[in-house]
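These are my notes from going through the model, entry by entry.

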Protein chains: 2
Amino acid sequence: MDKVNLAEKFALFDERWSPKIVGGIDDYDIKLAKLEGEFVWHKHDREDELFLVVDGHLSIELRDRTVELDAGELFVVPKGVEHRPRADVECRVLLLERAGVLNTGDAAESALTRHSLDRI
Amino acid sequence: MDKVNLAEKFALFDERWSPKIVGGIDDYDIKLAKLEGEFVWHKHDREDELFLVVDGHLSIELRDRTVELDAGELFVVPKGVEHRPRADVECRVLLLERAGVLNTGDAAESALTRHSLDRI
């Protein structure tokens with residue numbers, strides 16, 4: 001594996017809500033995503049999910065509160081907890097979660113669902 | 001779990017080569033460390049190790065090359081690969097690796113060995 005320069009990788013894509021795999025650690029994917037607008041409510045029953053904001057601002061709505069993240073802040077959504085990410089303007093995030101986890105979790109299939117992710 | 005602001009956490013300690021646990025994802029620890037000087041050659045036989053440079057410059061010596069990382073760059077040292085981190089001036093990193101992995105891996109016990117890590 002080579003090193004990963006986050007800015008160089010972010011320059012390779014513009015698609016929103018479509019994480020790109022940039023590396024891995026053990027059985028986990030390291031992913032980058034550009035988020036803008038509102039995702040769907042969902043949960044992952046067996047996996048935690050790490051969000052690290054690289055640039056911009058991300059709101060992660062939970063059922064009982066909203067976590068507000070600026071660049072240089074991270075949050076781990078615990079397994080089984082319903083959440084909905086939202087970004088009013090484009091936000092760039094590093095995601096880490098076990099390989100193979102469906103991005104929309106238990107939500108109904110939609111245009112946001114990604115069954116396979118590109119590697120960049 | 002609350003969100004983690006990396007800058008606020010880094011302000012809480014000054015010790016070098018002594019990772020602090022700031023959170024977790026599944027069975028993995030999310031750690032922050034300040035590195036300065038030269039670590040010891042070591043490897044982790046069963047675990048990959050993620051280094052993400054938050055501030056400064058980090059050199060990760062491998063036996064056949066050296067990986068040079070600036071802020072916003074990450075590298076995963078594969079399991080079983082000998083490495084030696086080095087930072088000529090203080091470098092701040094986010095580390096991710098399976099919980100319970102000894103920081104010095106297979107190297108002989110030394111002043112750098114940390115059998116338990118603080119949570120901050």
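I take buried as under 20% relative accessible area, exposed as over 50%, and partly exposed as in between. The model is a predicted one.

**Entry: Glu38(B) and its partner**

I looked up what Glu38(B) pairs with and found a salt bridge to Arg84(B), at 3.1 Å from N to O. The two residues are 46 positions apart in the chain, with Arg84(B) in strand β8 of chain B and Glu38(B) in strand β3 of chain B.

I then turned to chain A. There I found a network of salt bridges that links Glu38(A), Glu61(A), Arg84(A), Arg86(A) and Asp88(A).

**Entry: other salt bridges within a chain**

I noted the total over all chains, which is 40 salt bridges. As background, side chains of opposite charge can pair when their charged atoms come close.

I checked Asp14(B) and found its side chain in a salt bridge with that of Lys34(B), 3.2 Å from N to O. This pair links distant parts of the chain: Asp14(B) is in the loop between α1 (6–10) and β2 of chain B, and Lys34(B) is in strand β3 of chain B, 20 residues away. Asp14(B) is exposed at 55% relative accessibility, whereas Lys34(B) is buried at 2%.

In chain A I looked at Glu90(A) and Arg16(A), whose salt bridge has its closest N and O atoms 2.8 Å apart. These two are 74 residues apart, Glu90(A) in strand β8 (residues 83–98) of chain A and Arg16(A) in the loop between α1 (6–10) and β2 (20–25) of chain A. Glu90(A) is partly exposed at 24% relative accessibility, and Arg16(A) is partly exposed as well, with a relative accessible area of 27%.

**Entry: two buried side chains in chain B**

Is His42(B) buried or exposed? I have it as buried, because its relative accessibility is 2%. His42(B) sits in the loop between β3 (28–38) and β4 (49–55) of chain B. A polar atom of the His42(B) side chain lies 2.9 Å from the backbone oxygen of Val40(B). Beyond its neighbours within four places in sequence, His42(B) has contacts that include Glu49(B), His83(B), Pro85(B), Asn103(B) and Asp106(B).

I also looked up Lys20(B), which lies in strand β2 of chain B. Its relative accessible area is 4%, so Lys20(B) is buried. With neighbours within four places in sequence left aside, Lys20(B) is in contact with Phe13(B), Glu15(B), Ile30(B), Lys31(B), Leu32(B), Asp118(B) and Ile120(B).

**Entry: chain A against chain B**

How many residues does the contact take from each chain? I read 31 residues from chain B and 31 residues from chain A. Together the chains bury about 2500 Å², 59% of it on carbon and sulfur atoms. On the side of chain B, Lys3(B), Asp26(B) and Leu74(B) lose the most area to chain A, together 26% of what that side buries.

I next looked at polar links across the interface. There are 18 residue pairs in polar contact between the two chains, and 8 salt bridges by the rule. One salt bridge joins Arg65(B) to Asp2(A), the closest N and O atoms being 4.0 Å apart. The residues on the side of chain B that touches chain A divide into 15 nonpolar, 3 polar and 13 charged.

I also found strand pairing between the chains: β1 (residues 4–5) of chain A and β7(B) pair in the antiparallel sense over 2 bridges. In that region Val4(A) stands opposite Leu74(B) in β7(B).

**Entry: strand β4 of chain A**

Strand β4(A) runs antiparallel to β7 (residues 73–77) of chain A, with 4 bridges joining them. Glu49(A) has Val77(A) as its bridge partner in β7(A). Strand β4(A) also pairs with β8(A), again antiparallel, over 5 bridges. Here Leu50(A) has Leu96(A) as its bridge partner in β8(A).

Technical notes
Residues are numbered from 1 along each chain as its sequence is written. Chains are lettered from A and ligands numbered from 1 in the order in which they are written. This is a predicted model: local features need pLDDT of at least 70, side-chain atom pairs count only at pLDDT 80 or more; totals for chains, interfaces and linings use all residues. Side-chain values use heavy atoms; hydrogens and water are left out. Buried means under 20% relative accessible area, exposed over 50%, partly exposed in between (1.4 Å probe, protein chains only). A polar contact is a pair of N or O atoms within 3.5 Å; within protein, one must be able to donate a hydrogen and the other to accept it, and residues adjacent in sequence count only if both atoms are side-chain atoms. Contact means heavy atoms within 4.5 Å. Buried area is the accessible area (1.4 Å probe) that two parts lose on being put together, summed over both. Ala, Val, Leu, Ile, Met, Phe, Trp, Tyr, Cys and Pro count as nonpolar, Asp, Glu, Lys and Arg as charged, and the others, Gly among them, as polar. Two strands pair if DSSP finds at least two bridges between them.
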